[in-house]
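Have a look at the model below before reading on.

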Amino acid sequence: MIERVTEIQKQAEAEIAAASSSAALEELRVQYLGRKAELPQLLRDVAQLPPEQRGEAGRTANQARQTLEVMIETAAARFEADELSAALADDNVDITLPGSPAESCGHHHLLTATRREIEDVFCGLGYSVVEGPEVETVHYNFDALNHDPAHPARARSDTFYIEGGGEGSEQTLLRTHTSPMQIRIMEQTPPPIALIVPGRVFRRDSDATHTPQFHQIEGLLVDEGVTLADLKGTLLAFARAIFGADRELRLRPHFFPFTEPSVEVDVSCFMCEKGATSGGERCSLCKGTGWLEVLGSGMVDPNVFAAVSEHGYDPDTHQGFAFGLGIERIAMLKHGVPDLRFFYENDLRFLRQFG
Ligand code: DAH
C-alpha cells in the first residue's frame, strides 16, 4: 500500500505543478482527494490491514493527503490572485472614452465662440468677467458716463425707452452699450480693477451692418499710474491673440463722452500686405487701406471718476482705460461674414461652417 501511496503522490504532485488555472486545480483536488478518489479510499482501507502495518501505512497515506492539500491550496491562492487582477483589468471600463458611436453634441454659435475666445484672452491678462442688466436707467447709460444732455444717442429715434419706466435720470431703457457697467462696477469695487463685460445691447437700427440687438464687450482697468501706453499694449495683445501674431495697431483720435483722450483702434489687415493682395489687387476686406477698425477706446474721463468719487475713485490719483468692441464685428472680420443678419437667421448651412 505504501508504494501505491507514494506513486499516487508523485503523479499528483507533477500534475499540480503543471496545472495552469484554479479550475484545473479544482479538478485535480476532486481527482486525488475527492470522496471517490483512490488515496482517501486507501486511508479508509488502513483499518483492514494487519495491526503491525497500520501505523506506517496510515502515517504515509495521511502525510501524502496533507502534502497534496497544501500544494493545491498554495497553487490555487496564487492563481486566484492572478485571475482576479486579470478579470479586473479585463472589466476595466474607461469612462473617459466617447460613446460608440460617438454622439455629436453640436457646437457653439459663432458669436458665443467668439465671445469666449475674447474672454479667454482677457482672462489670461488677469481680467475678470462680469455681466450687467440689459434694462438700464438714463443715469447709468448716459448721465454718469458724461453724455451731454443733447447727445444724439439719447434721441427716441435711436434708443428703446421703456414706456412708463420712470422719469428723468431714472427713466429706464434697453442699454445702448455695455459701458454703464463701468459705473456700476466702480460703485461696488474699489480700485484697482480690471474687468470685461460681455453682453447684449440694443439700438433702433436695422440694415446689413446694423441689427436692433447685438453684442459688445466692454473693458475697464483702473489703477494708479496707468497710461495710454498700457492701453495700447493691452489691445495689441488682444489683436494678436485674435487676428494673428504679426498684427500691428493704429490709434486714431476720436471722441467718446466718457474717455479723454479717446481713440479708435485699427488692426493691420490679416488678409493682405498694406492693402494689396499677393496678386497685386486691392484687398476687399480692408478696402485697400491695410487697416481694420475694431474698437473704440480711451483713458477714463475725470468726469466719470467724479461720478463715483464716493466709492474711492479720485480723478487726481487714479487713471484708467476703457474699451468697447462689437462681438459681431470681430466675428465678421475674422471669418469673412458679409452680412450681420446671418448671425440671427439660424440657417444651419451658415452655422455649421463654424463648428
Ligand atoms: N460704448 C461705445 C459704443 O457703444 C464703445 C466704447 C468706446 C466703449 C470707447 C468704451 C470706450 O469703453 O472707451 O459705441
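Here is a quick tour, from overall shape down to a single side chain.

## Ground rules

This is a predicted model, so local features need pLDDT of at least 70, side-chain atom pairs count only at pLDDT 80 or more, and totals for chains, interfaces and linings use all residues. Residues are numbered from 1 along each chain as its sequence is written, and side-chain values use heavy atoms, with hydrogens and water left out.

## Overall shape

The protein has a radius of gyration of 41 Å, while a compact globule of 355 residues would come out near 20 Å (taken over C-alpha atoms; the globule rule is 2.2 Å times the number of residues to the power 0.38). Its C-alpha trace spans about 130 × 60 × 45 Å along the principal axes.

In secondary structure, there are twelve helices and nine strands (DSSP runs numbered from the N terminus: H or I of at least four residues, E of at least two).

## Burial and contacts

Of the 355 residues, 40% are buried (under 20% relative accessible area, with a 1.4 Å probe and protein chains only). Take contacts (heavy atoms within 4.5 Å) between residues at least 6 apart in sequence: 66% of them join residues at least 24 apart.

## Zooming in on His318

His318 sits in the loop between helix H9 (302-307) and strand S9 (319-326). Is His318 buried or exposed? His318 is buried, because its relative accessible area is 10%. Leaving aside residues up to four places away in sequence, His318 touches Pro191, Val222, Asp223, Glu224, Phe305, Gly312 and Tyr313.

Conventions. Buried means under 20% relative accessible area, exposed over 50%, partly exposed in between (1.4 Å probe, protein chains only).
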